[in-house]
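Reader: Please take me through this structure one feature at a time, with the rule for reading each feature before the case.

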Amino acid sequence: MNHVIIGTAGHVDHGKTLLIKALTGIDTDRLQEEKKRGITIELGFAHLDWPDGTQAGIVDVPGHEKFIKNMLAGAGGIDLAMLIVAADDGFMPQTLEHLDILTLLGIKDGCVVITKSDVVDPEWLEMMKEEIEQRVEGTFLEGKPVHTVSAYTGQGIAELKEELHGMVHRAAQKNLRVPFRLPVDRVFSVDGFGTVVTGTLVDGSMNEGDLAELMPSGTPTRIRNLQVHGKDVKTAYAGQRVAVNLAGLKKTDIKRGDAVVKPGTVRVSRMLDVRLQNLKGSRRVIQNDTQVHLYHGAQVLLAKVVLLDRDALNPGESCYAQLRMAEPIATKSGDRFVIRFYSPLETIGGGVILDDSPVRHKRNVQAVLDALKIKESGSGGDRVIQVLAEYGTALPTAAELAAKMHLEEEEVRNTMYDLRGQGRVVEPLEGRYAAASVMDRTWETCREILAGYHKANPLHAGMKEAEVRQKCFKNLEQAAADALLRQLCNEGKLRRQAQRYALGDYEIRFTKRQNNIRQKLLQIYRNAGIESPATDDVMAGFHQNEKNDAKQVLESLVTGGELVMLTPQICWYKDVFANACEVTKKHFAENETLVLGQLRDLLQSSRKYTLALLEYYDKNKITKKDGDLRYLHLGFPE
């Protein structure tokens with residue numbers, strides 16, 4: 001599923017918050033000061049759901065000029081925009097500024113929404129539409145739909161919701177191969193949990209338990225817990241609003257504008273090489289050495305503009321420039337930014353980062369300009385990509401690539417860093433790489449094989465991992481195959497459960513009778529504990545017309561990990577099995593060997609069930625048998 005953020009933009013008091021409440025039922029004004037003043041000061045968040053399961057996040061950004069900083073913090077993660085214009089006011093200064101900012105940040109799709117349609121007559125509305133069409137000429141909203149609504153009467157809300165549904169489905173797919181990055185726009189503490197940050201996940205996917213790094217400080221941390229729209233999740237994906245519980249950090253260690261990133265994937269610098277645009281409607285000429293406010297994600301820094309090929313940048317022009325910051329900044333090539341005039345504060349331009357960690361350049365040097373042109377075109381790593389693709393799924397190292405291309409290893413490593421940041425290369429194993437095109441082919445192979453498996457086995461949770469490796473990655477080393485499968489899981493394309501793989505969107509669909517059988521089976525094994533009845537005896541408890549379904553549902557519960565089949569006649573409920581494994585692990589923590597009688601006494605069970613458990617351990621290479629003794633072999637899976 002593609003995850004999309006819809007943002008509102010527009011002048012203060014034009015009805016953005018009320019519109020979101022009419023669409024979602026959620027009031028995004030969460031601060032007492034906002035309630036009192038009737039304007040949005042901080043970012044507000046909601047989610048919009050449709051009957052087919054599609055969901056989109058909504059960011060309500062402030063419209064008041066004094067709170068433009070907060071608007072920019074929210075706009076950085078927006079995929080689609082609703083430009084809000086009140087019918088009784090029309091375009092206002094902040095409407096234009098917000099439209100400029102959305103354009104600078106590279107927003108590609110959206111619509112215009114005329115609110116408060118109930119307070120004006122139809123003729124006025126038609127005149128408003130004509131004015132809006134003129135105002136958005138030359139922007140990403142030219143030719144886009146214009147909706148008239150009233151949050152008070154509900155007029156036009158259903159039609160707008162359906163329009164947004166179509167836009168969400170048309171939105172460009174996120175590249176989940178990029179290492180995760182979450183710009184922090186809010187920090188707080190929760191009793192019993194510790195430090196929590198929120199933001200829009202702009203890159204990749206993050207998992208509960210992942211190691212992370214707080215930038216620009218470089219402080220290491222770990223993702224203890226994840227929430228999306230108030231619900232705990234194991235994985236969050238780019239395009240989702242996420243709350244992250246970070247381990248080992250205090251609230252005072254983090255500030256708005258920091259970023260939570262995958263370790264080693266974001267560089268810190270005080271300089272950026274950029275393509276700089278002076279807005280067509282700007283009232284300022286950007287002179288060389290001009291001081292500006294730089295807005296990137298939720299961060300605001302003072303910067304000096306060094307124009308690399310001219311002395312002044314006029315409204316409507318763009319050029320290569322180097323931004324030199326007063327403080328360190330953590331960015332990635334390809335990021336977009338906005339600049340505002342030093343004083344008075346007004347938006348004058350922005351652009352795209354071409355090099356996130358450059359050296360200090362002299363001005364008017366043709367070699368520097370030529371190098372930036374290559375970086376802007378994205379062709380610098382094409383040769384490396386070509387050679388990497390020839391390796392297929394073998395996952396070569398930078399040293400192997402350098403030797404084949406007759407380049408310095410450090411040069412290849414630097415190129416790989418940039419390509420990973422663009423999502424053109426992935427690193428499934430540390431220091432070993434695959435081209436995105438190879439991952440695409442790998443995914444197509446896995447999708448075809450697993451789709452066929454699901455069709456033939458509709459009640460199975462997935463295909464056994466050993467079988468997936470054999471069918472998808474013949475003659476490939478296990479470590480590389482497992483790493484490629486993990487990469488596809490991180491992208492949400494596959495799902496791993498109980499040592500089986502399934503397509504990420506696959507769901508087992510039970511009939512009503514099968515669901516009743518499922519509940520009955522779970523109750524039987526949950527209540528039985530270790531001394532579970534034989535499989536044949538359990539099956540005998542079902543009516544003749546239920547037996548076939550009962551066998552299929554039992555197999556489904558085993559493949560899904562809710563039951564563990566020790567032998568064809570002995571199944572345990574998953575929690576019973578987990579407790580037995582904990583007892584065994586505790587024993588091995590203090591002893592090198594284990595005999596049947598010891599485990600039987602520890603479990604307070606009979607020889608029959610203890611032997612079945614030990615033979616299961618042996619079969620799965622958890623333990624290794626030597627006479628009457630057993631030793632840990634591969635150990636228990638995490």
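Reader: Where is Pro-344 found?

Author: Pro-344 is in the loop that lies between strand S23 (336–341) and strand S24 (347–355). Strands are DSSP runs of E with at least two residues, helices are runs of H or I with at least four, and both are numbered from the N terminus. The model is a predicted one: local features require pLDDT of at least 70, side-chain atom pairs count only at pLDDT 80 or more, and totals for chains, interfaces and linings use all residues. Residues are numbered from 1 along each chain as its sequence is written, and side-chain values use heavy atoms, without hydrogens and water.

Reader: What is the phi of His-229, and what is that of His-406?

Author: His-229 is not a glycine, yet its phi is positive, about 50 degrees. For His-406, phi is near 60 degrees, again a positive value in a residue other than glycine. His-229 is in the loop between S12 and strand S13 (231–233), while His-406 is in the loop between helix H9 (398–405) and helix H10 (409–422).

Reader: Are these two buried or exposed?

Author: The scale is relative accessible area, computed with a 1.4 Å probe on protein chains only: buried is under 20%, exposed is over 50%, and partly exposed is in between. His-229 has 26% relative accessibility, so it counts as partly exposed. His-406 has 74% and therefore counts as exposed.

**Strands and sheets**

Reader: How do I read a sheet?

Author: Strands of a sheet pair through backbone hydrogen bonds, in a parallel or an antiparallel sense. Here two strands count as paired if DSSP finds at least two bridges between them. Six strands make a closed barrel in the order S17-S22-S20-S19-S23-S24, and the pairing is antiparallel. From one strand to the next, the twist averages 40 degrees. Angles are taken between N-to-C directions on a scale from 0 to 180 degrees, with axes as lines fitted to C-alpha atoms (for helices, over the stretch in contact).

Reader: How many bridges join S17 to S22?

Author: Strand S17 (residues 267–278) and strand S22 (residues 318–331) are joined by 10 bridges and run antiparallel.

Reader: Which strands form the open sheet, and in what order?

Author: The open sheet has three strands, ordered S27-S29-S28, with antiparallel pairing. Strand S27 (463–464) and strand S28 (494–497) are at the edges with a single partner strand each, so one side of each has no neighbour in the sheet. Helix H13 (residues 478–490) packs on the sheet and touches S28 and S29, and its direction makes about 110 degrees with that of S28. Contact means heavy atoms within 4.5 Å. Four bridges pair S28 with strand S29 (residues 500–503) in the antiparallel sense, and Arg-495 is opposite Ala-502 in S29.

**Rings**

Reader: How many aromatic pairs are there?

Author: Rings of Phe, Tyr and Trp (its six-membered ring) pair if their centres lie within 6.5 Å; planes under 30 degrees apart are stacked, over 60 edge-to-face, and the rest tilted. By this rule there are two aromatic pairs. Phe-577 and Tyr-616 have ring centres 5.3 Å apart and planes at 80 degrees, so this pair is edge-to-face. It links Phe-577 in helix H17 (residues 574–590) with Tyr-616 in helix H19 (residues 607–619), 39 residues apart. Both Phe-577 and Tyr-616 are buried. Tyr-617 and Phe-636 form an edge-to-face pair, with 5.3 Å centre to centre and 85 degrees between the planes. Both Tyr-617 and Phe-636 are buried.

Reader: Which charged residues sit over a ring?

Author: The test is NZ of Lys or CZ of Arg within 6 Å of the ring centre and within 35 degrees of the ring normal. The charged end of Arg-284 is over the ring of Phe-341, 4.3 Å from its centre. Lys-520 lies over the face of Phe-542, 4.5 Å from the ring centre.
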